Amino acid sequence: MTMARISAKPSVLTLGLLALCMVMASRNILAELPDGAPLWALMSPSSDHVGEMLVHYTLLPRLVVGILAGAGVGLAGAILQLVLRNPLAEPATLGVAAGSNLALTIATLYMPSALSAGVEWVAFAGAALALGAIMALSVRSRMSPVTVTLAGMIVSLYCGAASAVLALFHHDLLVGLFIWGAGYLDQQDWHGAAYLAPRLLALAGVAALLSRPLTMLTLGDDNARGLGLSPETVRIIALLVAAGLSSVVTVTVGVIAFVGLAAPALAQACGARLTGDRFVWSAAIGALLLTTADQMVLSLPITYRLFPTGAVTALFGAPLLFILIGRLRPPAAPGQLLATRTSRLRHPMIALCLLTAMLGPVFWLALWVGASQDGWTVLDSATLDLLQWRWPRALGAFCGGAMLALAGAILQRMTCNPAASPEALGVSSGAMLGALFLLLTVAEPTRTGQIIAGSVGAFGVLILMFALSRKAGYSGDRLLLIGVALSSVTSFVMATLMSAQDPRLGQALAWLSGSTYAVRSQEALISAFLLAAALMSILAIRRWLDQMALGEVAAKATGAPVNILRISLFALSSLLTAGAAILVGPLSFAGLMGPHLARLCGFRRAGGHLAASAIIGGLILLLADWIGRTVIFPFQIPAGLLATLVGGPLLLLLMGRKP
């Protein structure tokens, strides 16, 4: 296939988006200009005409900022997907936006004087600290794509959880920050465009110089070194460029989600294979995706323009991704992304027995030890009635964490992708949407109604994902991309609710953060039964997962029915994720942390790794639930957020110490 034919395919999508964008932008501009206004009024408005002033100082700067911001985020996503060799990589992978958001949250609440020096400097400081943490953790592994990806995801989750904890206690004070974080492109002058243009052009120039070195990296680190290239240096420079692109966009217009993931994926699906082509088309598609979505928002009646552009972009871009996702090529050889330098346990069964033995003391601690107005207490005959309240949430926390960790381990081994986690499935997002729909439409929602609504949403998304991935052969990476795209719908709903200050949101925040407050005894027992059945299934699926770790070709050579295995394993992961999300909400970290901690402990074979992941994930949530209800008594912190706050640094420490 020639370069001309490769480049012609993305141009069809780009021209289509450009035509739609131009039509909508022209309509919005003409609607504000007075009749008979000359064309030069766009750049030289008359102070006597409000419409001309509005177009010149609001609509046109907004159009330019949308183009620049979309191009910057799209280019950043393309760089990251090449450097990290991961189709799920995007600017959020580096934790830059999450670091900026956390820094602004802390400054708003505790150091408002720091904001007087400039909001952008506070945001840049947060982004720099997040990126610095990722770099420090990745240096010892010579900037390994696996280590950078994991460190970035953990830092991002940690910063997001810290911001969410502060939001739980100071929601009213952070409304302005919610609006900024949702990705609004509102402009009052040309300052934003003047700020973005030179910085993005400079960073894009550096990215152009990196095109050839990044192409050489695709040959493998050893081959690149043989050609005189330093892979570590190239990765560091590329990560700095991607972080810089994401930072300047985030500082200017807030968090722009989904574009950094969708634009490179759409460019690749349309046929952009060469590194330079992918950079150019990713930037172009990103610019047009964001700008077209923003023009759609401006076309809505004024009462609906509160929808954040950053979130609306996902609703516009997700259908395009669904249509073209079958054309995607895998970015790396199967099995390559899970290559780690962890030692293998000599006696995994003994280690599993020791992990299992830890359940007794931890459950005793969670059930019998607590906090009260008189300090720490241990249950006695006078307070034994508290057990009926404690054991359902303790068992629910353990089962929820174990199911998510088991689902995460299955996904990571099935897709050979260290970034795979239950949150990427989209199933938990379906459960979240179902529960939110009930909350917003029923005057007095019940716990039973919430479970039913969550179940309908979860399994509706599961059916939709299977339908969309059928033509793509149920590929693991494509299933995850579809899940991420569907999850973006939930992001749109949440961003809209947060920025609109919907009073009903307070009822959902705790559950969305991974709360066990409302778990009843019947639900805890059902979750225990589901977990026991899933653990028993390990005996049946362990051989499948070991075969799939060899790669699709090798697995087929051994007689494994790869498509059937993918469907079965994905369905099992989805059931576990849905059960956990319905039980205690979409917990944010156990599904990622449990499998990686088990691997760092030395569990390499599928059977031991899955069992250890489940036990570790369950222990994490059980301990997080106990600490969350005792550490700041009488107040409580949701287990999902606390697990991220406590477990994130632990996993980062273990990763940093690993030779």
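A: Happy to. Of the protein's 659 residues, 59% count as buried. Keep in mind that this is a predicted model.

Q: How many helices and strands does the protein have?
A: There are 27 helices and two strands.

Q: And what share of the contacts join residues at least 24 apart?
A: That share is 78%, taken among contacts between residues at least 6 apart in sequence.

Q: Let's look at some helix pairs. How do α2 and α11 cross?
A: Helix α2 covers residues 50-83 and helix α11 covers residues 231-253; their axes come within 9 Å and cross at roughly 155 degrees. Angles over 145 degrees count as roughly antiparallel, so that is the description for α2 and α11. Their crossing is left-handed.

Q: Which residues meet there?
A: From α2 you have Val 65, Ala 69, Gly 72, Val 73, Leu 75, Ala 76, Ile 79, Leu 80 and Val 83. They meet Arg 235, Ala 238, Leu 239, Val 241, Ala 242, Leu 245, Val 249 and Val 253 of α11. The residues of this contact between α2 and α11 divide into 15 nonpolar, one polar and one charged.

Q: What about α22 and α24, how do they cross?
A: Helix α22 (residues 521-548) and helix α24 (residues 562-584) have axes that come within 11 Å and cross at roughly 155 degrees. These two helices are therefore roughly antiparallel to each other. The crossing of α22 with α24 is left-handed.

Q: Which residues make the contact?
A: On the α22 side they include Glu 523, Ser 527, Leu 530, Trp 544 and Met 548. On the α24 side they include Val 562, Arg 566, Ser 568, Leu 572 and Gly 579.

Q: Where does Phe 603 lie?
A: Phe 603 is in the loop between α25 and α26.

Q: Is Phe 603 buried or exposed?
A: Phe 603 is buried, at a relative accessible area of 4%. Setting aside neighbours within four places in sequence, Phe 603 is in contact with Leu 345, Pro 348, Ala 351, Leu 352, Leu 355, Ala 598, Gly 608, His 609 and Ala 612. Phe 603 and Pro 348 are 255 residues apart in sequence, with 6.8 Å from C-alpha to C-alpha.

Q: What about Phe 437, buried or exposed?
A: Phe 437 is exposed, with a relative accessible area of 58%. This residue lies in helix α18 (residues 427-441). Its C-alpha atom is 9.4 Å from that of Gly 457, which is 20 residues away along the chain.

Q: And Leu 102, what is it in contact with?
A: Leaving out neighbours within four places in sequence, Leu 102 is in contact with Cys 159, Ala 162, Ser 163 and Leu 166. Leu 102 sits in helix α3 (residues 96-110) and is buried, with a relative accessible area of 14%. The C-alpha atoms of Leu 102 and Gly 160 are 7.1 Å apart, although 58 residues separate them along the chain.

Q: Why is α12 described as largely enclosed?
A: Eleven of the eleven residues of helix α12 (residues 259-269) are buried, so the rest of the structure largely encloses it. Among them are Val 259, Leu 261, Pro 264 and Gln 268. Just after α12, Gly 271 takes a positive phi of about 120 degrees.

Q: Last topic, the cysteines. How many disulfides are there?
A: The count is zero, taking a disulfide as a pair of cysteine sulfur atoms within 2.5 Å.

Key. Residues numbered from 1 in each chain as written. Predicted model: local features only at pLDDT ≥ 70, side-chain atom pairs only at ≥ 80, totals over all residues. Heavy atoms only, no water. Axes fitted to C-alpha atoms, helices over the stretch in contact; angles between N-to-C directions. Helix = DSSP H or I, 4+ residues; strand = E, 2+ residues; numbered from the N terminus. Parallel < 35°, antiparallel > 145°, perpendicular 65-115°, else oblique. Left-handed = near helix turned anticlockwise from the far one by under 90°. Contact = heavy atoms within 4.5 Å. Nonpolar A, V, L, I, M, F, W, Y, C, P; charged D, E, K, R; others polar. Buried < 20%, exposed > 50% of the residue type's maximum accessible area, 1.4 Å probe, protein only.
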